[in-house]
Amino acid sequence: MNKMMKTASALALASTLLLSACGNANTTNNAAGNSNSSGNAATNNSAAGNSTTPPAGDMKLRILTANVGGKTPDENVKFEETIKAQTGIEATLEKPASDYDQKVLTALGSGEKYDLIELSDLGKLSEFVDQGVVSDLTDFVTSSPVLSDPKVIPAAEWDQLKDKDGKIVAVFSKFQGGTMPIIRKDWLDKLKLSEPKTLDEYYNVLKAFKEKDPDGNGKDDTYGLSTSGLYDIQAFMSAAGLKYRYVMEDGKRTIPYATEAAIPMYEWFAKLTKEGIMDPNFITNDTGKMRNLFLADRVGMVTYWDAWVGTFNNLRQQEDPNTTFEAKGIASIPGPDGTIMMRRGDPDFWIIPSNAEHPDAAKKFLEYWNSEEGITLGSLGVEGLDYTKEGSTITLTDLGKEHSMDHGVPFWYNENVKPAFPKLPGVQEAQDLVKQYATLELAQPGWADAEKIIQNYALKAMAGQMPADEAVQKMHDELLAKKLID
């Protein structure tokens, strides 16, 4: 089996095993957000952050979730049994096999009663708040000895989950990462190139990856850069000080990617395309095809999620323990004022619907989920099924290895809960960049329609199919005509 076929097979397996980490409660948000072959599984060895004692009496929960729980119905039952044993809560986890977003919309729109619903779309959260279907959790969070602890969840993070009136309307289910350029560090070293910092340096490195035979096979078969459409070019647009989605200016909605400032950036991409530096299939690529090119030594840089730095390294090391392959996450290009713009994924979070029948049990669960026991369950899984423990030694079962230590919580906020296994190579450094530079994107109502317009014309400009100035003018005019910008 050749390298391309072997890598494709390994990637397909990894994608299957890492599905819950790669997925999100909102499937349109960050499709590969927290792939966790990183070994970031919780230990069960400290008293700090442990859950409160099981409540007295019969407490029940009906939970709608995309990622939390077992991977099969039988495993889900074991998951529910563990929750009851640790909290006294009789929880029912409902995990739709498909169309999760539509299930959420239908449930909230019809008045169907759930006690907790997992989400990851802040735009949808805002809409649900306006519809009056989400509970105000401000008093609960601020008075909770678990959730109000800044070591459990940093105080500043709560701003993400506040409504326009400053009320807390959701609780985090895990820590969400961000996206960045991921580069073949071994190719940089082989070609004696420095890590790029400026737009010109990026161009020179990507050009060398195309022309200098970095894989050493004597063939002209490599590209400098591959993306999956506009996913995610923030690192390059940062050079012009442009943030994706909406930016509010003097109370008005603007989309920087649809302004004149974006024209030179689209022209830069068109130059890469014309010179064969850009993977010519970037417009039609899905993220799987993009990842496969990277793993198969066909491209030197992709734009993807921080956790996948480790996944890339792990996959190649499993294929060949002696490989020189090294993926590394790097920062975006500083803008004119020196600001580095990176994309952080919308957080994954729980809401308590306003018609929940068991809000007290839901609140109990939210404290538990952010505690040591809950994090251990959400990462490692069920003891005896996903892992065994002798003293302080934790060993993953074969099933646990397949589950990649992700049952809804590949990464978490709680500093008191330490991982049982080290993160995969490169993950920590990539996450440090996210924490230092990445910010959320603002998705106002109507963004889904606006994004289609942006993508249509931006991709044509980047591919050299339309002059960049014309593309920007057309996208601006359409956005304005459809009242998607002010």
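Guide: A nonpolar core is a set of buried Ala, Val, Leu, Ile, Met, Phe, Trp, Tyr and Cys residues joined through side-chain atoms within 4.5 Å, where buried means under 20% relative accessible area with a 1.4 Å probe, protein chains only. The model here is predicted: local features need pLDDT of at least 70, side-chain atom pairs count only at pLDDT 80 or more, and totals for chains, interfaces and linings use all residues. Side-chain values use heavy atoms, without hydrogens and water, and residues are numbered from 1 along each chain as its sequence is written.

Visitor: Which residues touch the most other members of the largest nonpolar core?

Guide: In soluble globular proteins, nonpolar side chains tend to be buried together. Here the largest core has 60 residues, and Leu61, Leu116, Ile117, Trp158, Ile351, Phe365 and Trp369 touch the most other members. Helix 13 (residues 359–369) gives the largest share of this core, six residues. Helices (H or I, at least four residues) and strands (E, at least two) are DSSP runs, numbered from the N terminus. Another core, of 52 residues, lies apart from the largest one; among its members are Ala239, Tyr246, Ile277 and Ile333.

Visitor: What does tryptophan 158 touch?

Guide: Contact means heavy atoms within 4.5 Å. Leaving aside residues up to four places away in sequence, tryptophan 158 touches Val141, Leu147, Ile153, Ile168, Ala170, Val171 and Phe172.

Visitor: In what order do the five strands of the open sheet lie?

Guide: Two strands pair if DSSP finds at least two bridges between them. The order is 2-1-3-11-4, with mixed pairing. Strand 2 (89–94) and strand 4 (171–172) are the edge strands, each pairing on one side only. Six bridges join strand 1 (residues 59–64) to strand 2 in the parallel sense, and methionine 59 has isoleucine 89 as its bridge partner in strand 2.

Technical notes. Buried < 20%, exposed > 50% of the residue type's maximum accessible area, 1.4 Å probe, protein only.
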